[in-house]
Amino acid sequence: MALLTIDDAELAFGLHPLLDRANLTVHDGERIGLIGRNGTGKSSLLSIIAGRGALDDGEIRRQDGLRVVMVEQEPLLPDADSLHASLTARGGLEDMHDERERWRADARLFEYLHRFGLDESRPPQTASGGERKRAALALALAMQPDLLLLDEPTNHLDIAGITLLEDLLVKGQIKSSIIITHDRAFLDRVATRIVELDRGLLRSYPGNFAAYEARKADQLAEEEKASRRFDKFWAQEEVWIRQGVKARRTRNEGRVRRLESLRVERSARRDRIGNVKLALDAGERSGKLVAELTNVSKAFDSKSLISNLDLRILRGDRIGLIGANGAGKSTLIKIILGQLAPDTGEVRLGTKQEIAYFDQLRDQLDPDKTLVETISPGSEWVETADGRKHVMSYLSDFLFPPQRAQAKVSMLSGGERNRLLLARLFAQPANVLVLDEPTNDLDIESLELLEDTLQGYNGTLLLVSHDRAFLDNVVTQTLAAEGEGRWKEYVGGYSDWLTQRSQPVAAPAAEKNAVTGKSARSASPAKSRLNFKEQRELAQLPDELEALEQEQSALTVRMGGADYHKQGATQLKADHERLNEIGRLLAAKFERWEALDQRSAQAASA
């Protein structure tokens, strides 16, 4: 059953149309991954589907009564005394005519807020970007739309938040969705169909992103062959029309008209957008030691971010830092670079270091400066790994045309700012490269080119990222935040960390020394056997969890009842607080169960 159909859609904001007689049908139960280069119009298309914009021409037909909810890249939350009140206003829950459905939606909102680890009483004005994104996602899921529209939902989310969202989309009650994302692992897990917005057309590919890549490669090869054949025939006809007087006198008028048609067709043909050209110069080699941390600790507002960490980074290491939002990844980077002093412990820095730092907030970009001033202040030339380049040519390597060279940084989109910061970083030699969330807002093609460039880089790389595929393709070591300031090092990327993290600590520590040459002083042997009290606790936990889940379900149903609002303010408050408490208890007990079960399995295999 078709939820929505778009026929012959046209939309234009500049020289080229964003939609050029585009067609799309969305069926019930589909999870569509909408991909395409930055600036091709994906967000505009999503806004039109959501009813927030209109087509220049064409038709969009929606199923009668279709409920559509959209979560933008940077969701705006109305000011309010609490996050709950702000979301209620954003979602229009108070305006629902069906009182019973309003209470059910409110109960679902509390449930999803807890699942995303949010405090509903916190004012939205104090929330971070990641917390605002999680809150908007919680509201969208609570409203149970027929069609959910998500624009870059993984931006600002940590890996735990991303995998939770994947589970909710794949296993939850939302059956149909359209998702704009550059996260390839997310697309592989969630998407049932890939739709690519390419040169004004919507091209559909069944399956996930991996299936799309295989089909797309064949399609591009065929398209290139067809273009070569066309250009060869066109060139032959141009030679014929320019032949001597005798030939012009006797030429076939039909052939002349055909040539004119070829010229029009070639002029109208839109070639694929060029790729970013990346080249990274590692410059002079740094000293063998980049940084050594001995018993380093750091805390903010009594929260321990780093506790007694021993770490040694050598020239050529490629380390990925992973952990929840707020775990201290950026703080640890600054300590490693000597930009922030630890509370306790010692930091020893290496020599001959040339550092390039990509910060996730893009604070290094002055919004009032032009692109030229940002890349090459006071000069028309840029020294790159490929030699000296004029600044206009260098900017064009990063897909900035000459007519935009004098534009202000403040006029750039998020993806364009990312490309500009990469251009600035790569314009200088660096033997230590620090990338803090470099993949946000980059399209998939640019992201894959950045991967290729980093794979050929022979300096030292420190990477903070929640992009699992990017981590797997770039890093050789993973430093993971494991709670309460504890950090542990693993060999390999994200997938290797997933495999190793359930193993005994002592086993990989010796292997880690042999493979990476790193200190294992921060590793501590885990307990191997449960005592009697812990064995009894492990046996009782499943029943306790089941009881809590039943209470949570019963409370949610009661709060969704038609007459629930008549219970009185005291009872309503008590029920909300209990639902809150159940969420916290479930999280704590699941974590405890996993820890005890893991130790029990380790003892059995010892």
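**Close-ups of charged side chains**

View 1. Asp443 sits in the loop between β17 and α14 while Arg37 sits in the loop between β3 and α1, so the contact ties together parts 406 residues apart in sequence. Arg37 is buried too, at 7% relative accessible area. Keep in mind that this is a predicted model.

**View 2. Glu30 meets Arg193.** Here the closest N and O atoms of the salt bridge are 2.8 Å apart. Glu30 belongs to the loop between β2 and β3, Arg193 to strand β8, and 163 residues separate them. Glu30 is buried, with a relative accessible area of 14%, and Arg193 is buried at 11%.

**View 3. Asp397 with Lys389.** These side chains form a salt bridge at 2.3 Å, N to O. Asp397 is buried at 6%, whereas Lys389 counts as partly exposed at 22%.

View 4. Helix α5 covers residues 159–171 and reaches 18 Å from its first C-alpha to its last, close to the 18 Å expected. Its buried residues include Ile162, Leu165, Glu166 and Leu169. Glu166 also joins Asp167, Asp183, Arg189 and Arg468 in a network of salt bridges. Across the model, the salt bridges number 29.

**View 5. A negative patch on the surface.** Glu484, Glu591, Glu594 and Asp597 gather here. Glu594 is part of helix α19 (residues 569–605) and counts as exposed at 53% relative accessibility.

Definitions and conventions
Residues are numbered from 1 along each chain as its sequence is written. This is a predicted model: local features need pLDDT of at least 70, side-chain atom pairs count only at pLDDT 80 or more; totals for chains, interfaces and linings use all residues. Side-chain values use heavy atoms; hydrogens and water are left out. Patches are made of residues with over 30% relative accessible area and no salt bridge: like charges are joined within 9 Å, nonpolar side chains (Val, Leu, Ile, Met, Phe, Trp, Tyr) within 5 Å. Accessible areas come from the Shrake-Rupley method with a 1.4 Å probe; for residues, only the protein chains shown count as cover. A salt bridge is a side-chain nitrogen of Lys or Arg within 4 Å of a carboxyl oxygen of Asp or Glu. Lys and Arg count as positive and Asp and Glu as negative; His and the chain ends are not counted. The place of a charge is taken as NZ of Lys, CZ of Arg, CG of Asp or CD of Glu. Helices (H or I, at least four residues) and strands (E, at least two) are DSSP runs, numbered from the N terminus. Buried means under 20% relative accessible area, exposed over 50%, partly exposed in between (1.4 Å probe, protein chains only). The expected span of a helix is 1.5 Å times one less than its number of residues.
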